[in-house]
Amino acid sequence: MSMYIRVKRNKTTYFIQCDPTEKILGIKQKLNVLIDQPVNDQQLILFATGEVLEDSKSLAEQKVENDTIVALTLRKDGNEFEEVNIEQLNDFYQSRDTDAGNW
Amino acid sequence: MRKEDTVKLISAEGFEFVIDKEAAMVSQTIRNMLTSPGGFSETEHREVTFPEISTTILEKICQYFYWSLQYANGKETEFPIEPELTLELMMAANYLHT
């Protein structure tokens with residue numbers, strides 16, 4: 001394994017092993033195995049910039065590096081893709097203060 | 001890539017991390033859960049819940065698993081740890097035998 005990316009949607013993160021020369025389509029095929037969603041119903045978006053990643057381009061070409069966060073959106077019943085939705089744990093520090101026994 | 005080769009780790013807040021079994025096995029504790037014959041239900045469902053590990057720490061741990069695999073393959077990078085996470089991370093690592 002040369003690298004991995006973190007694909008996130010809602011409360012789930014998929015760690016996907018990959019290679020810099022691998023095409024985005026290849027990543028979607030791997031995701032298909034995990035989530036049973038056809039490649040055409042997946043959209044991958046570079047989380048830092050909001051850029052939609054293109055199937056035919058490689059990870060390196062689109063500056064997707066090791067440990068990069070990529071957002072996954074799925075096609076809704078209509079034809080549109082859903083909005084990016086990644087749940088974050090914003091109250092982490094706060095909750096830790098009030099509940100010191102929890103790690 | 002096969003679904004059977006992945007495991008799902010669930011944090012205290014219910015966030016899920018789907019990682020390669022190979023990566024999860026970096027932890028001796030998880031390795032035992034996944035490989036011991038007929039003991040843990042985790043073996044069958046490939047799902048482990050950690051009610052005492054927060055999401056932030058669990059994600060860091062998953063990143064560490066992959067870093068560890070890369071390092072074993074000769075890549076020499078440092079593993080970054082934010083100072084404020086150190087204590088919790090050590091406690092979790094101790095529990096996970098990592």
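# Exercises on Chain B and Its Aromatic Pairs

Ring pairs join A:Y4, A:F15, B:F17 and B:Y66 into a cluster. The exercises below concern a predicted model.

**Exercise 1.** Determine how the rings of A:F15 and B:Y66 are arranged, and where the two residues lie.

*Solution.* Step 3: The pair crosses between chains, since A:F15 belongs to strand β2 (residues 12-18) of chain A and B:Y66 to helix α4 (residues 55-72) of chain B. Step 4: A residue is buried if its relative accessible area is under 20%. A:F15 has 1% and is therefore buried; B:Y66, with 0%, is buried as well.

**Exercise 2.** Classify the pair formed by B:Y64 and B:F79, and state which parts of chain B it ties together.

*Solution.* Step 1: The ring centres of B:Y64 and B:F79 are 5.4 Å apart, with the planes at 80°. Step 2: An angle over 60 degrees counts as edge-to-face, so the pair of B:Y64 and B:F79 is edge-to-face. Step 3: B:Y64 is found in helix α4 of chain B, whereas B:F79 is in the loop between α4 and α5 (86-96); the pair therefore ties together parts that are 15 residues apart in sequence. Step 4: The relative accessible area of B:Y64 is 27%, so this residue is partly exposed.

**Exercise 3.** Describe the secondary structure of chain B and the order of its elements.

*Solution.* Step 1: Chain B contains five helices and three strands. Step 2: Along the sequence, these elements follow the pattern β-β-α-α-α-β-α-α.

**Exercise 4.** Examine whether the radius of gyration of chain B agrees with that of a compact globule, and describe the overall fold.

*Solution.* Step 1: A compact globule of 98 residues would have a radius of gyration near 13 Å; because chain B has 13 Å, the two agree. Step 2: Along the principal axes, the C-alpha atoms of chain B fill a box of roughly 40 × 30 × 20 Å. Step 3: Of the 98 residues in chain B, 45% are buried. Step 4: Among contacts between residues at least 6 apart in sequence, 61% join residues at least 24 apart.

**Exercise 5.** Characterise the surface and the charges of chain B.

*Solution.* Step 1: Chain B exposes about 5100 Å², of which carbon and sulfur atoms supply 52%. Step 2: Chain B has 8 positive and 16 negative charges, and their mean positions are 8 Å apart.

Technical notes. Residues are numbered from 1 along each chain as its sequence is written. Chains are lettered from A and ligands numbered from 1 in the order in which they are written. This is a predicted model: local features need pLDDT of at least 70, side-chain atom pairs count only at pLDDT 80 or more; totals for chains, interfaces and linings use all residues. Side-chain values use heavy atoms; hydrogens and water are left out. Helices (H or I, at least four residues) and strands (E, at least two) are DSSP runs, numbered from the N terminus. The radius of gyration is taken over C-alpha atoms; the globule rule is 2.2 Å times the number of residues to the power 0.38. Buried means under 20% relative accessible area, exposed over 50%, partly exposed in between (1.4 Å probe, protein chains only). Contact means heavy atoms within 4.5 Å. Accessible areas come from the Shrake-Rupley method with a 1.4 Å probe; for residues, only the protein chains shown count as cover. Lys and Arg count as positive and Asp and Glu as negative; His and the chain ends are not counted. The place of a charge is taken as NZ of Lys, CZ of Arg, CG of Asp or CD of Glu. Rings of Phe, Tyr and Trp (its six-membered ring) pair if their centres lie within 6.5 Å; planes under 30 degrees apart count as stacked, over 60 as edge-to-face and the rest as tilted.
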